[in-house]
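This report covers the pockets and the sheets of one protein model. Please look over the sequence and the structure before reading on.

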Amino acid sequence: MKLTELQMLFLLRTMNHREACLIFFMVVINVASSIRSYYTAAVFEHARQSNVTEDTPEIIISKNLAYYKKATKEAKTKGADIIVFPEYGIFPPLERNELKPYLEVIPDPKQVKTNPCNEKEKYQNRTILYTLSCVAQQNEIVVVANMGAIQSCEGEDQCPEDGSFHFNSNVVFDKNGTMLVRYYKERLFYEFGMDLPIQPQNSVFKTDFGTFATFICFDFEFFKMTEVAQELQIDAVAFSAMWGNSPPQRSSVQLWESWALGNNATLLAANIQLPGYLAVGSGLFSAANGPLAYTFDPDGVSKLVI
């Protein structure tokens with residue numbers, strides 16, 4: 001998809017601090033598509049809740065998923081067809097043993113069709129997958145979210161000493177809650193609790209309004225993301241990040257915009273909101289049209305860009 005026309009509406013809504021201040025940039029994207037003439041996209045810049053010294057992993061996951069539910073519901077009221085969440089938005093990057101309670105076994109949807117929301121008994125101990133699937137289904141919206149995968153590998157080549165692989169993963173659910181893609185991050189950045197996938201990953205997924213690909217943070221620095229984005233059938237890249245800004249040359253928003261311009265592509269970029277890590281800056285960027293809508297405000301408050 002390459003954008004042909006653009007209608008923009010700016011709306012600012014302020015909620016109390018506990019519920020988060022949500023900034024809305026309403027973008028209706030008209031596209032040259034035989035499936036639909038346009039789609040509406042949302043990205044959520046989340047101020048992660050992760051007090052690991054006081055809260056259990058279950059509480060941390062629950063707190064952050066509550067924000068995801070609220071953001072998705074609000075995005076749907078604004079007509080969003082797809083919402084993208086940031087990297088490490090549900091739990092923090094931790095050392096290997098500390099990570100395990102946050103990880104879930106994620107099936108490969110290219111091998112077996114699965115809808116966690118419709119299979120509650122099977123997924124009752126996989127809270128993240130079940131919740132994300134139900135959020136997609138209940139709001140009839142495509143959900144792109146980052147989480148952690150664990151995969152038993154005892155006896156396999158390159159298997160870690162603890163007998164399991166850990167993968168930084170993006171999962172995508174369609175409007176019915178069915179999983180479309182499980183993508184393992186191929187380029188890690190000082191993530192000592194995670195492993196690299198052995199096989200190349202296919203991150204492309206189709207919806208009723210277009211064809212997309214998803215990538216994660218440091219993938220941005222390598223050619224594969226650019227190569228996939230330039231394929232004719234790809235309408236946009238849904239990008240999850242925990243990107244720390246290093247001005248003047250490595251600030252998030254300027255990089256997202258320049259990448260979209262340089263590759264004549266559309267980027268739906270969801271960064272995390274963690275000013276202490278210099279991580280901030282999310283938005284929707286489209287080739288020569290530039291930034292359709294974005295936020296860059298290191299105030300420690302979650303924001304929704306539509």
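The largest pocket holds about 420 Å³ of space. Among its 21 lining residues, Glu87, Phe189, Tyr190, Glu191 and Met242 are closest to the centre. A pocket here is an open set of points on a 1 Å grid over the protein atoms alone, where a 1.4 Å probe fits, with protein on both sides within 12 Å along at least five of seven lines; lining residues have an atom within 4 Å of a point. Grid points are joined across faces, edges and corners, and the volume is the space filled by probe spheres set on the points.

The model is predicted: local features need pLDDT of at least 70 and side-chain atom pairs count only at pLDDT 80 or more, while totals for chains, interfaces and linings use all residues. Residues are numbered from 1 along each chain as its sequence is written, and side-chain values use heavy atoms, with hydrogens and water left out.

The table sets out the two linings by class, where Ala, Val, Leu, Ile, Met, Phe, Trp, Tyr, Cys and Pro count as nonpolar, Asp, Glu, Lys and Arg as charged, and the others, Gly among them, as polar.

| Pocket | Volume | Lining by class |
|---|---|---|
| Largest pocket | about 420 Å³ | 13 nonpolar, three polar, five charged residues |
| Second largest pocket | about 240 Å³ | nine nonpolar, four polar, three charged residues |

Of the 16 residues that line the second largest pocket, Arg182, Tyr184, Pro197, Gln199 and Gln201 lie nearest its centre. Strands E7 (164-173) and E8 are the elements that give two or more residues to this lining. E8 provides the largest share, four residues. Helices (H or I, at least four residues) and strands (E, at least two) are DSSP runs, numbered from the N terminus.

E8 also belongs to an open sheet of six strands with mixed pairing, in the order E8-E7-E6-E5-E4-E15. Strands E8 (179-184) and E15 (303-305) are at the edges with a single partner strand each, so one side of each has no neighbour in the sheet. Two strands pair if DSSP finds at least two bridges between them. E4 (residues 41-45) and E15 run antiparallel and are joined by three bridges; Glu45 has Lys303 of E15 as its bridge partner.

A further open sheet, again of six strands with mixed pairing, has the order E9-E10-E11-E12-E13-E14. Its edges are E9 (204-207) and E14 (290-295). Five bridges link E11 (residues 236-241) with E12 (residues 266-271), which run parallel, and Val237 stands opposite Leu267 in E12.
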